[in-house]
Amino acid sequence: MKNLTRRELIAATAAAGASTLLDASSFAAQQQPGSLTSVVEIPMPSLPEKLTATEAVGIKRATHEAHLKLWQGYAKKTNEIRKALAELTADSSKANQVYSLIRSLKVEYSFAYQGLINHNIYFDTLGGSGGPPTGKASDLIRAGFGSHQVWAEDFKSSGIAARGWVFLAYDHAEKRLFNYVGDSQNTYPLWNHTCILAMDVYEHAYFMDFAEKRAAYIDAYMKVIDWQAVNARLAAAI
Ligand SMILES: [Fe+2]
């Protein structure tokens, strides 16, 4: 099967109506029938400067630095699976729901990419000055939960009940906010929602600072939510 040049790759992608093409040549992907027409390589994440604000509430720099390695791991694995998918020639006769290469790649792609997205939101919305919700997020929280206090108690309770994440997400159909739980990186997102705040409650997010006291970590976390960043995500979504 022919390997496309970068120029041919760009032309093919444009013809297919793709909106982006980032450094497809870096992976030298073999373009074959059934494979992706482009590979978008995600750059490695880095810690935002504003995270220094979390020191005051007991979430230490060392925790963030260890956490960064996991965050970057999701980016690396997302890139690796994208490359593998680009090099894969889809063959329906080999696909199998018990085990097949395409099944493994698609399932783990969901875990890796959603893991990256979750951490992008977590680190983007952390490191603020705390206080109650502000702006449009405040309005929607009041409309959806009745008060900031009711929302906060639901958010904290969800964080104790979850095995991995709590997501504050905007439901585009019902035009309201809701606190969702996640037990792993790729559970349980719903279509037609935009996540505007993600709290990591995996042990790696707090064990070095709070040991098994997850509730204390959540109390600390909620004092340094960056509501400006949350509102920026909300504004982009609605
Ligand atoms: Fe994490």
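Predicted model: local features only at pLDDT ≥ 70, side-chain atom pairs only at ≥ 80, totals over all residues.
Three strands, arranged in the order E2-E1-E3, make up an open sheet with antiparallel pairing. The edges are strand E2 (176–182) and strand E3 (193–200), each of which pairs on one side only. From one strand to the next, the twist averages 25 degrees.

- Strand E1 (residues 165–171) runs antiparallel to E2, and seven bridges join the two.
- In this pairing, Val166 of the model stands opposite Val181 in E2.

**Helices on the sheet**
- Helix H3 (residues 101–124) lies across E1 and E3, and its direction is at about 70 degrees to that of E3.
- Helix H8 (residues 227–237) also packs on the sheet, where it touches E1 and E3.
- The direction of H8 makes about 160 degrees with that of E3.

**Helix H2**
- Helix H2 (residues 61–87) has 27 residues, which at 1.5 Å a residue should span 39 Å; the end C-alpha atoms of H2 are 39 Å apart, so the two values agree.
- The buried residues of H2 are Thr63, His64, His67, Trp71, Tyr74, Ala75, Thr78, Asn79, Ile81 and Arg82.
- An α-helix has 3.6 residues a turn, so residues three or four places apart point the same way.
- The partners against which the buried residues of H2 pack are H3 and helix H6 (207–210).

Note on methods. Residues numbered from 1 in each chain as written. Pairing = 2+ DSSP bridges. Helix = DSSP H or I, 4+ residues; strand = E, 2+ residues; numbered from the N terminus. Axes fitted to C-alpha atoms, helices over the stretch in contact; angles between N-to-C directions. Contact = placed C-beta atoms within 7 Å. Expected span 1.5 Å × (residues − 1). Buried ≥ 20, exposed ≤ 12 C-beta atoms within 10 Å, placed from the backbone.
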